[in-house]
Amino acid sequence: MFRKFLILISFVSLCFQAKGQEFSIIDKKAIKYFEEGNAFLQRKQLPEAKEKYQAAYERSTDFYEAYLKHAQVLLSSGMLEEALRVTKKGQSRIPIKANDFFKGKLAWIESQIYLAQGKFQLALDTFDANRLFLDEDFVKSADYLEKLQQFEIIAEGIKNPISISKNRLPGPLNQFKLQYFPVLTADGKRLFFTKRDGMSAKLDEDIYFSDHDGETWSSPESISELINTRFNEGTCTISADGNLLIFTSCNTPASHGSCDLYITARVDGLWQSPVNMGRNVNTRFWESQPSLSADGSLLFFSSNRPEGEGGIDIWVSERLDDGAWSKAKNLGPNINTKKDEVSPFIFFNNTVLFFASDGHPGFGAKDIYRSSIGRTGFGKPSNMGFPINDQKDQLALFITAQKDFAYYTENSYYQGKVDSSFLYRFEFPEEIDLGHKLIVTRGKVINEETGEAVEAILSLVDLERDSTMYSFKSDGKDGAFTMIYPDKEKTGLYVEKQGYMPKIYNVDRDSLRNKVGFQILLEPIASGKHFIFENIFFDFDKSILKKASISSLKKLKKFLLAHPEVNLLIVGHTDNIGDSEYNSELSLRRAESVKEYLLKEGISATRLKIEGRGSTEPIQSNDTEENRALNRRIEVFIL
C-alpha cells in the first residue's frame with residue numbers, strides 16, 4: 001500500500017514542478033499550514049498532514065495546491081469519498097474561464113478517484129472533458145503516458161466486457177476472517193486454501209481443505225499436523241492427482257530466507273513430513289505462491305530475489321529424473337517487469353500461464369494476464385479483460401481442468417486496507433481459448449491375480465511428437481489414480497510397474513474417454529503371458545514403422561532393460577483382406593521391423609524371436625473397418 005502511496009504523491013509533485021516554488025495565494029498563515037502539512041507528510045504522519053492541508057484551504061479558500069495535496073493524501077489512504085469531496089470543493093472555488101492549470105490538476109485527481117472506485121465511465125468522461133487543461137510538461141511525462149494507456153485499455157474493456165457472474169462460495173466455506181489462494185485437484189473434488197483468522201502478524205496461517213460431493217462442500221479441515229505448525233504455512237499447489245503438495249512456510253528453522261517453498265508427498269493416503277526444496281529453489285529472499293504443472297514436472301513461483309527483472313518476478317524450476325529440482329530460472333522480460341508479477345498458475349495443459357501483475361498495461365491495480373508457451377518460451381501476455389479485471393488487485397486465479405469454473409480470492413477493504421478475504425468463483429468464459437479440452441478420468445490399478453492395489457506409473461504420450469504430456473502414480477494403498485489428458489487424437493497411455501507386464505492403450509481406439517471407474521489389471525510377469533503391443537503403426541500393405549510408433553518401441557526397450565531375464569516372442573497379425581499366404585508374410589515382416597528396432601537399440605538378438613500369423617487369430621470379426629484395424633496388430637509373448 002505504501003508503495004502505491006509514494007507513486008500517487010509523485011504525480012502531484014510533477015504537477016507542482018510546473019509552478020516552481022510559487023503558490024496561488026499570498027496568505028503567509030495558509031502557506032505555513034501547507035508547509036507544515038508537507039513536513040508531516042515527509043514523516044509519514046498522514047492524519048496530521050491532512051489536518052494541516054485542510055486548515056490551509058479553509059483559511060484561504062482559493063489555495064488550490066492545498067486542495068490537491070489533501071485530496072491526494074486521502075486518495076492514497078483509500079478514503080475515496082472524502083477525497084472526492086475535497087476535490088469537488090476545490091473545483092467549486094475556481095473562477096469560470098480562469099486558472100486552467102488547477103482545473104486540469106483537480107480534474108485529473110477526480111478521474112483517479114473514479115478509477116479507484118471502479119466508476120470507469122465517469123473516469124473516462126472526466127478525463128476527456130479536461131485533458132486540454134493539463135500542463136504541457138505533465139502530458140509529456142512517462143507517468144501520464146502510462147495512465148493514458150490505462151484509459152485506452154479501460155475504454156476497450158468496458159466497451160467489450162466478458163460475460164461472467166462472480167459468486168461467493170457458500171457455507172460451510174468462507175467461515176474464517178481470511179481465506180485465500182484456492183487450488184483444486186484435477187477432478188475438482190477437493191479444494192485447498194490458506195486460512196487466517198485476522199490481519200495481525202501474530203495470527204497463524206494454515207492450509208485447509210474441503211471436499212465436494214457433487215452438491216455441497218464439506219466443513220473445512222486442517223490438511224495435516226505434519227504440515228500445519230506454529231509457523232505460517234500457506235499458498236500451496238498440488239499435482240493433478242492430489243499426491244504431491246508444495247507450499248510456503250515462513251521463518252521456520254529450516255528456512256534459507258523469510259519464506260521458503262517446501263514439498264511433501266501423500267503415500268498410502270497419508271502426508272509425509274515436508275522437506276525444504278533446497279537452494280536451487282529457495283534463497284535468503286522471499287519465495288512463495290507456487291504453481292505445479294499437472295504432471296509435477298515444472299514448478300512456477302514468485303520471488304523478490306534481486307537478480308530478476310525488478311520487484312517480484314516469476315521463476316521456474318524443473319523436476320529432474322532423480323527427483324531433484326533444477327536451479328530456478330527467471331521467466332524473462334516477456335513475463336516479468338520492473339514492478340511485481342505474482343500468483344502464477346500454470347493451466348493443466350502445461351502450455352498456458354496465468355499470473356497477476358501491476359507492471360503490464362492494465363486496469364490500474366494488479367490484473368490477471370495469460371501467456372502461451374511457444375518455441376522460445378512464453379509469449380507476450382494478454383490482459384484477461386473486464387470484468388475479470390477491475391479496479392482492485394486480482395490475485396490467485398485457478399481454472400479447473402474441465403474449464404468450467406475459475407476460482408479466485410476477493411478482498412474486502414476498510415479505509416483502504418484489506419479487512420477480510422473470501423473465496424469466489426465464476427463460470428469460465430468459453431470465448432477464452434485454452435487449447436484442447438481436457439478430460440479427467442479416475443480409476444484404480446489392481447493386481448489381476450490377487451486383487452491388491454499396485455503403485456504403478458501411468459504416462460500419457462503424444463504419439464505424433466513422441467513426448468510425454470503427463471505422468472502419474474497410482475496410490476499404493478488403494479491403487480487409485482487421477483488421469484488428465486487432452487481431447488485430441490493419437491494419444492497413448494502406458495502403465496508400468498517393475499515385475500509386471502506393461503499395459504498399453506490407445507486413447508481413441510480403446511475409448512478411454514468414455515471409461516467410468518476405469519480399472520487397470522496388471523499381470524505379474526510369467527512365461528506364456530502376453531499383451532497387445534498398441535500404438536505400433538504401419539502404412540497399408542507396408543512393414544515400415546511409422547514415426548508415431550516410436551513411443552511404444554521405447555517403452556518396450558525400457559521394459560526389456562528393466563527385466564534382463566525376460567525373453568520375448570514378437571507376433572505380427574493382419575486382417576483377412578488379401579491372400580492368406582501374403583498376409584502371413586506381411587505380418588512376419590512387421591514383427592521383423594519391431595525386432596530390428598530393438599536390435600539397433602542394443603537389445604540382444606538371443607532375447608528376441610518373431611512369428612507372423614497373418615489373419616489366423618483375429619480378436620474381432622472382420623466385418624467393419626474399425627474391427628479390421630484392431631486385428632492388424634503386434635502382440636508380445638513372454639517366453
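**Salt bridges, aromatic pairs and backbone features of the chain**

Glu534 counts as buried, with a relative accessibility of 7%. This description refers to a predicted model. The partner of Glu534 is Arg509, with which a salt bridge is formed; the closest N and O atoms are 2.5 Å apart. The two residues belong to distant parts of the chain, 25 residues apart: Arg509 is in the loop between β28 (503-506) and β29 (518-522), and Glu534 is in the loop between β30 (530-532) and α9 (550-562). Arg509 is partly exposed, its relative accessible area being 30%. Elsewhere, salt bridges with shared partners connect Asp575, Glu625, Arg628 and Arg632 in one network.

In total, 31 salt bridges are found in the structure. One of them joins the side chains of Arg59 and Asp27, at 2.9 Å from N to O. Another salt bridge is made by the side chains of Asp358 and Lys366, with an N to O distance of 3.6 Å. Asp358 counts as partly exposed, at 21% relative accessibility. Lys366, with a relative accessible area of 13%, is buried, because buried means under 20%.

The chain as a whole contains 11 helices and 33 strands. Its C-alpha atoms fill a box of roughly 110 × 50 × 45 Å along the principal axes. The chain has 639 residues, of which 52% count as buried. When contacts between residues at least 6 apart in sequence are considered, 57% of them join residues at least 24 apart.

Aromatic side chains were examined next. A pair of aromatic rings is described by the distance of the centres and the angle of the planes. The count comes to 38 aromatic pairs. One of these is formed by Tyr64 and Phe102; the ring centres are 5.3 Å apart and the planes are at 40°, and the pair is tilted. Tyr64 is in helix α4 (residues 64-76) and Phe102 is in helix α6 (residues 100-117), so the pair ties together parts that are 38 residues apart in sequence. Tyr64 counts as buried, at 4% relative accessibility. Phe102 also counts as buried, at 1%. A pair with another geometry is given by Tyr180 and Phe181: the ring centres are 6.3 Å apart and the planes are at 75°, so this pair is edge-to-face. Tyr180 and Phe181 are both buried. Tyr64 and Phe102 also belong to one aromatic cluster, together with Tyr57, Tyr67 and Phe101.

Arg266 is placed in strand β8 (residues 259-267). Its relative accessible area is 24%, and Arg266 is partly exposed. Apart from neighbours within four places in sequence, Arg266 is in contact with Arg190, Asp241, Gly242, Asn243 and Trp271. Between the C-alpha atoms of Arg266 and Arg513, which are 247 residues apart along the chain, the separation is 27 Å.

Backbone geometry is considered last. Most residues other than glycine have a negative phi, and most peptide bonds are trans. The peptide bond from Gly171 to Pro172, by contrast, is cis, with omega near 10°. Pro172 is in the loop between β1 (167-168) and β2 (178-184). The bond from Phe386 to Pro387 is also cis, with omega near 5°, and Pro387 is in the loop between β19 (382-383) and β20 (395-399). Asn251, a residue other than glycine, has a positive phi, near 60°. Asn251 is in the loop between β7 (244-250) and β8, and is exposed, with a relative accessible area of 57%. Lys403 is not a glycine either, and its phi is positive at about 60°. The loop between β20 and β21 (405-414) holds Lys403.

Terms used
Residues are numbered from 1 along each chain as its sequence is written. This is a predicted model: local features need pLDDT of at least 70, side-chain atom pairs count only at pLDDT 80 or more; totals for chains, interfaces and linings use all residues. Side-chain values use heavy atoms; hydrogens and water are left out. A salt bridge is a side-chain nitrogen of Lys or Arg within 4 Å of a carboxyl oxygen of Asp or Glu. Buried means under 20% relative accessible area, exposed over 50%, partly exposed in between (1.4 Å probe, protein chains only). Helices (H or I, at least four residues) and strands (E, at least two) are DSSP runs, numbered from the N terminus. Contact means heavy atoms within 4.5 Å. Rings of Phe, Tyr and Trp (its six-membered ring) pair if their centres lie within 6.5 Å; planes under 30 degrees apart count as stacked, over 60 as edge-to-face and the rest as tilted.
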